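Student: Could you pick one part of this model and go over it closely with me? After that, carry on to whatever else you'd point out.

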Amino acid sequence: MAPALAVEELTWRIGGRAIVDGVAFAAAPGELLAVIGPNGAGKTSLFNLISGLTRPDSGRILLGGRDVTRLAPHRRVRHGLGRTFQTSSVFPGLTVAENVQLAAQAAVSGPIGALAVWRRIGGPARDRAADALERTRLAHRARALAGALSHGEKRKLELAILLAAGPSVILLDEPMAGMAVEEVPDLSELIRQVHRDGATILMVEHHIEVVLGLAERIAVLHHGALLACDRPAAVVDDPAVREAYLGEPL
Amino acid sequence: MNHVRSLMRPAGRRAAAVLLAAAALYAVPYSTLRLPGVFDGPLDSPGVLQLLAVCLLFAGLALSYDLLFGHTGIMSFGHGLFVTGGMYVTTILVNHAGYGLVPAALAGLGVGLAAALVLGSVALRVDGIGFAMVTLAFGQAVSLLVVSGSPALTGGEQGQTLNAGAVPAALSGVRNTANLYWLALGYLAVCAAVLWWLTTSVPGRVMRAVKENERRVEVLGLNPYLFKLLAFVVAGLLATGGGVVYLLLLGGATPVVAGSDFTLGLLVMVVLGGAGRRWGVVAGAVLYAYADQSLTRLSGSASVAALPGALRGPLQQPLFLLGVCFVAVVFFLPGGLATLPARLRASKTRVGHGVRTRNGRRAQRAGSRHSGLSADASATQPRSPIRRSAPQAGPNVLPGHNAASSTGAAEEGVTPHG
Amino acid sequence: ASGSGNGSGGGTTAGAELKIGIITAKSGPYAPYGTEYLAGLNAGLAYVTHGTGAIAGHKIDLVVEDDADNPTTAVAEAKDLIGQGVTMIGGSVDSAIALQVAAVAAQNKVLFIAGPAATDKLDALNRYTFRSGRESYQDIATAGTFVGDLAGKRVVVLAQNSEFGTANAAGVKAVLGAKGASVSSVLVPPTATDFTPFTQQILAARPDLLFVAWAGTNATQLWTALDQQGVLSATHVVTGLANTATYPATGPAGSKIQFLAHYFTGAGGNNPVEAAMTASVQKAGGTVDLFTPDGFIAAQMFAHAVQTDPANVAKQIAALEGWSFQGVAGQYTVRAADHALLQPEFQATLSGSGTTWTAKLVKAVEPGAIAPPAPATPAWPTSGS
Amino acid sequence: MSTLILLTATGLGLAALYFLVASGLSLIFGLMDVLNFAHGAFVAVGGYAAWTVADHVAGTLGLALALPVAVAAGAALAALTELLIIRPLYARPLDQVLATVGLGLAIPALLQAVWGADPRTWTLPAWLAGTLDVLGARIPTVRFVLIAAALALLGALQLLLTRTRAGLIVRAGVENREMVAALGVDVHRAFTGVFALGGAAAGLAGLLDGLYQGSISPGDGTSLLIFAFVVVVLGRMGSLTGTAVAAAAVGLVQQFANYLSADLGDESVVILLAAVLLLRRRDLKGRPA
Amino acid sequence: MREVPAAEPILRVSDLTVTLGGSAILRGVTFDVAATGVTALLGRNGVGKTTTVKSVLGLHPAGGAIRFAGRDIKTLATHRIARLGIGYVPEDRAVFAALTVEENLRLAETARRPHRYDLVYELFPVLRERARQRAGTLSGGEQQMLALGRVLLGPSRLLLIDEPTKGLSPKYAGQVAAALKLVAREVPILLVEQNLAVVRRMARDAVVLDMGRVVHVGDARALLADPDLTNRLLGVSGPRTRDVNGSAR
Ligand SMILES: Nc1ncnc2c1ncn2[C@@H]1O[C@H](COP(=O)(O)OP(=O)(O)OP(=O)(O)O)[C@@H](O)[C@H]1O
Ligand SMILES: Nc1ncnc2c1ncn2[C@@H]1O[C@H](COP(=O)(O)OP(=O)(O)OP(=O)(O)O)[C@@H](O)[C@H]1O
Ligand SMILES: [Mg+2]
Ligand SMILES: [Mg+2]
């Protein structure tokens, strides 16, 4: 079976510096692959390339075996791609419910169907949105303006939007950043559930405990290049990874 | 935001309010009510009806502009070119090609549609202030075309009157000003209906999302460009229709509509009323159009003439008064007229909750920060009605301080660091 | 009377007030012209009513509205006035506004006497519309009388690329071209800030006569550029004399230009009407200028109309058509066929220095010499005379 | 040949005028994100202030006195505007725009109320009124003065912004006032300073526009504003060198297009703007989010 | 309760009340920051930690009293407070996105002082490499470093640091903690932090907030060693904190 997501020799340069440098890996369908690496290693940039917000200088990106390297971001979504952002990126002036319904509607009616002016939000989209809110435990905030949410709630809303769209390949950029300690286990559980439901997940996270608890494989980025891509145990024991990323224990 | 909140209100009450307003507006030409100080004559006098008709027309035009600006977050400086298009294409076809009024107007709409498609698909390739400038350039080009392109056809800076023969008797003559009034009212109704229909539809929702966060829309798998184009075309078409109505109100085409000041005026109306707020926009437009036409009267009035010289000079300049009005409105009515009811309500309850007014104001400040130049509908929302009563039970939701943070959190994304 | 239409409120009974609506610019860029016009109008009313303010027993009440140079406002004001029962309207500095108001007047069958607006299109526009000022054709024709034999001469028109400019260019071609001159034009875009390129175009055309038709505010710069680049010394230059405030604008170039003048102080040779106007305006604390006569003449025409019949528009039109009278600048005639106002114009020079310049009469041009061609058939069935 | 030189030199003179108006606009817009529609009014006020001086004191001395007066008038008006109107609205950029639109309407109307709608003539000292012969082209002396002034202004502003801390403070303050304050900097003073600086540039532009046209009228600055906007946008908002290059491009294109054909001249700037913007795809201010 | 430190506290916050958006965010917060070492300000999400810190800097209108080095600073403008020597690292970093890294640092320096960026560059070598890059294009972690570096340049007598290790890789988080510990030898720090490992390593005193009130003041290590207390106050069971080297396996 073709990998759900594969990148081949992906390179992105800016000002002569390779921010992402010949990265190649593949994620099998249903796999949860964590991407770790020091700050500035190029993790977010890699996500931007995969989701199409930036264009690579060379290399290819394959979604389910199909080359999407040249496609606009919204076209990639049609091939099942979804992502969250490192700093929350929601529609601040819409309510939580509207945020999620929008995503659901986009998924239900498709890119052209969403242009049908005679169509009202409702039916399947509404159910799907309600379901996503339920799963992220945001239902009670449905009517709040997204811009008015606390940091943690915004992160959950990001996830809810993602769930509503129902992508098969998910990119998560630091879902735990800034969450209070007590929130972390619940959020991990949610990600695990989504994973169990069959999605392929790529997750950037500095919260190493979470990474170790969830990931099936870990890819380590360093100076834009792939330093290692292996099972968690092997990666954590790799001296190079310790040197570059983990450092001395606190 | 608007409709979500209003949907929460009983639909019946809303419909009743709209119907009531429509009926009241419809009945104006039958009223002999005098409003001294506001209008010179009774409501049914031709001068007053003409003034009101222009106000209603501008309300419709402002709504069409608000579809772009308030609902989709794109600022066009070229909206007037569609009004110009509707006005001039119709006039030229009637006067120089011998068309009847209706076929000419339809042709004008067709031209407007085509122009909106072409210009939109080109100009929307850039965004933000770039889009504003490209549309400004297009508007300028049309303005030059009208003024100096072919004076024989357009009448140049003098414009041209519509052939009297082409205008149906019911629409000409002071006696029939009431019909013009109803025409303008109908135009406003069409604009309002289209806007309502569009903004409550799926693409309408996407347009608002585009305004909030265009990039995020892309990541939802939708192409923002198409939705912006849809908004641009609909707004352009409505404005073209407005041009035809304006033509009939004036009895002729005037290049005033092609100037950049005209579009700027639409922008001011929208902001004055409150971008993205339908009633607000209508009120803003009516007020602006009224002021624009009546300030000349005020400045020429006997009471001003009686003032001492140093005061009289400036006050006899309507533009001076208009300018000062802007500044005053901005200062004393931040967020536009649409926030007025909330403000009044707040000031009533101020005794009890001294802070609530400040809340409103803070929220607006913060909101407009988010969106840079584009007005932010959400920002002008009075937030108090959305008070949430979160279940204490929610296991994952910061047990214990929901109440404290419900409105508080509203401000979170809003601190200047945002 | 069928023609009087809805003018029932206009005051038909003797002794009642008679409202005359005036729509003109009191603010905006045309405000100075509007002020001149109003000063003339008031002087004219004083003259025709012998200071009583009443004509044929009707107290004249001027309702002055400011159009702020905005056609929308002007149309609303016209409708408002008509709605109030006014059957006589005057004014409009701006041709754009005059045309719009004229249309409203015709729709509602009320009398309209346009003010300073110069567009030729007001002629033969409709039977309700008259004018109290001159028209572009007369200006151009006046210039044509300055030069001797035009046959084989090159004439260049320098004008703004606008309706006013192109109309002038076309007018020159028609008037002077008919006398054998070859006419070309240099059109300046309204957006131009610098005139050097146009001076070069003019020089390249080597004209024998340069006709400048300019209505822009940056006149000083235009004349400076023409002077600096040697155009003024290379050819004869003719242009229209505007109001006194603009005299310094031509600056040092002033003495090198021949002016055609619609009017300037003293152009009428101080005939009794002109003297009355000057005295009256000065008494009111104003000064006589380019468009003061337009207001004065309008008052004379209104008075003539009211004396005929205060309420019957058809009769008023009939009385005005073909009426000939002594006015500020000389003899005026309302041509019945198209309502053109035949009148004298003048040739003048400017002399002075710095910011003080005065116009001097060179010669007066008779109305007949510059009369626009009359339509072969009247534009509407004339009410006779 | 001499025509070419003449058109180039006068085109650059025109460019200098555009730059003088646009620089202040660009400064305020680039640094503070305030699209100042009142800038044209600042120019006009500078012009009238200068004219009033020159009207009382003739000749070169009058001109020398008019210069500081124009600059001071522009700066003072701008500083007042910032203090009274812009500052209370810092968190509401849209309302700032609206307020400046209001000022842009009110101030010229006020000027007209005081000085009338008719242009006031400016009598230039003899050495300025003439032309200089360059290879057969008679180039008006004023153009050289304008070009020199524009270059001097460009240099001075450039130094001020890149070499001084003040520039840094303002650029940072636009993004996040609270944080700048938290670094111990009085950011409001810096903002007033920027506005005053923009106003000073406008005042200078007003004086030079008066010399250029040989007259002043209430609408002067406003009519230049649209070109100034075009220049600012072409010059990539707030970049001074960009503004200078854009001004030169607009001035020259307009001048030559006008020489070639009046129809071309009208549309040339519009075409230039549209073409450049469309070729230069991404939003001018936009960074990828 | 703990012993009062010998020296006079550098910052005394008493009965601080803040109302934002119509709701009381702080309701009578009282605590001291010792003149030496690190004082941790702890609590769940949204309890008012950031609000407290910002109020000290005069960024929120507040009731109550705030004394810094014996002086009442509540009525002062923010820039005046900062000039008294209070440095601030906001939780969202607030680097100036349009300015380069170097310009960000230059701005933080007070005028008429020799360049001291080398200090910062030594601590965060990445920043030297990025000196001419716009701060807005830095990675999340790099921005955090810049925000920290910036505050170290000023002549501070007290640092207010809000969640410095958020978004940092474990290695940098460790380095930052170490660096701050060094800094704390000279300048007292009020530290807001979610990473309890960092708190344990650095802080001597701890103040815990809940719902806008101080619910605990005491020795930091003692607090973190007490599973009941941490569970009740911070929602964490026992000293299970983030250990960076994967020892949780
Ligand atoms: N537009 C840009 N211009 C210049 N450099 C850039 C740009 N975008 C990213 N970079 C640089 O590329 C590097 C990688 O950035 P990226 O955001 O991908 O890092 P990251 O791995 O996500 O780090 P973190 O964990 O801190 O979020 C950083 O050093 C950053 O400064
Ligand atoms: N400007 C504001 N207007 C209204 N409420 C606000 C504002 N700023 C913060 N709040 C609210 O005040 C409460 C306390 O916020 P604060 O940022 O101080 O929390 P915190 O303890 O720092 O939380 P975290 O750990 O998430 O950073 C929150 O409920 C927040 O939503
Ligand atoms: Mg990242
Ligand atoms: Mg916080």
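Tutor: Let's go with α6(C), whose buried residues are Thr196(C), Pro197(C), Phe198(C), Thr199(C), Gln200(C), Gln201(C) and Ile202(C). "Buried" here is under 20% relative accessible area, "exposed" is over 50%, and "partly exposed" is in between (1.4 Å probe, protein chains only). The helix runs over residues 196-205 of chain C, and with 7 of its 10 residues buried, it is largely enclosed by the rest of the structure. Helices are DSSP runs of H or I with at least four residues, strands are E runs of at least two, and both are numbered from the N terminus.

Before moving on, some housekeeping. This is a predicted model, where local features need pLDDT of at least 70 and side-chain atom pairs count only at pLDDT 80 or more, while totals for chains, interfaces and linings use all residues. Residues are numbered from 1 along each chain as its sequence is written, chains are lettered from A and ligands numbered from 1 in the order in which they are written, and side-chain values use heavy atoms, with hydrogens and water left out.

Staying in chain C, look at the loop between β3 (58-66) and α2 (71-83), where Ala68(C) sits. Its phi is positive, about 50°, although Ala68(C) is not a glycine. With a relative accessible area of 24%, Ala68(C) counts as partly exposed.

Now hop to chain A for another covered helix. In α5(A), 13 of the 15 residues are buried. Its length checks out too: at 1.5 Å a residue, helix α5 (residues 151-165) of chain A should span 21 Å, and the 22 Å between its end C-alpha atoms agrees with that. (The expected span is 1.5 Å times one less than the number of residues.) Directly after α5(A), Gly166(A) has a positive phi of about 60°.

Further along chain A is strand β9 (residues 217-222), where you'll find Arg217(A). Arg217(A) is partly exposed, at a relative accessible area of 22%. From Arg217(A) to Ile161(A) it is 56 residues in sequence and 26 Å in space, C-alpha to C-alpha. Past that strand, His223(A) is in the loop between β9 and β10 (225-230) of chain A. His223(A) has phi near 50°, positive in a residue other than glycine, and with a relative accessible area of 60% it is exposed. Val20(A) and His222(A) are 202 residues apart along the chain, yet their C-alpha atoms are separated by 9.2 Å.

β2 also leads us to ligand 1. Strand β2 (17-27) and helix α1 (43-51) of chain A, along with α6 (140-153) of chain E, each give at least two residues to the shell around ligand 1. Residues of chains A and E surround the ligand, so the site is shared between chains. The shell has 21 residues, the closest being Lys43(A), Thr44(A), Ser45(A), Gly141(E) and Glu142(E); a residue joins it if one of its heavy atoms lies within 4 Å of the ligand. By type, that shell divides into 4 nonpolar, 12 polar and 5 charged. (Ala, Val, Leu, Ile, Met, Phe, Trp, Tyr, Cys and Pro are nonpolar; Asp, Glu, Lys and Arg are charged; the others, Gly among them, are polar.)

For polar contacts, meaning pairs of N or O atoms within 3.5 Å, start with Thr44(A): an N or O atom of its side chain is 2.6 Å from an oxygen atom of ligand 1. A polar side-chain atom of Asn39(A) lies 2.8 Å from a ligand oxygen, and from the other chain, the side chain of Ser139(E) has an N or O atom 2.8 Å from an oxygen of ligand 1. Taken alone, ligand 1 exposes 640 Å², and the protein buries 89% of that (Shrake-Rupley areas, 1.4 Å probe).

Last stop, chain B. An unreviewed UniProt entry places "transmembrane region" at several stretches of chain B, including residues 51-69 and 81-99; such annotations may be inferred rather than shown by experiment. In the model, residues 51-69 of chain B are 100% helix and 0% strand, with end C-alpha atoms 26 Å apart. Residues 81-99 of chain B come out at 89% helix and 0% strand, and their end C-alpha atoms are 22 Å apart. Elsewhere in chain B, Ala283(B) is in helix α13 (residues 278-299) and is partly exposed at 33% relative accessible area. Ala283(B) and Gly273(B), 10 residues apart in sequence, are 5.9 Å apart from C-alpha to C-alpha.

Note on methods:
A polar contact is a pair of N or O atoms within 3.5 Å; within protein, one must be able to donate a hydrogen and the other to accept it, and residues adjacent in sequence count only if both atoms are side-chain atoms.
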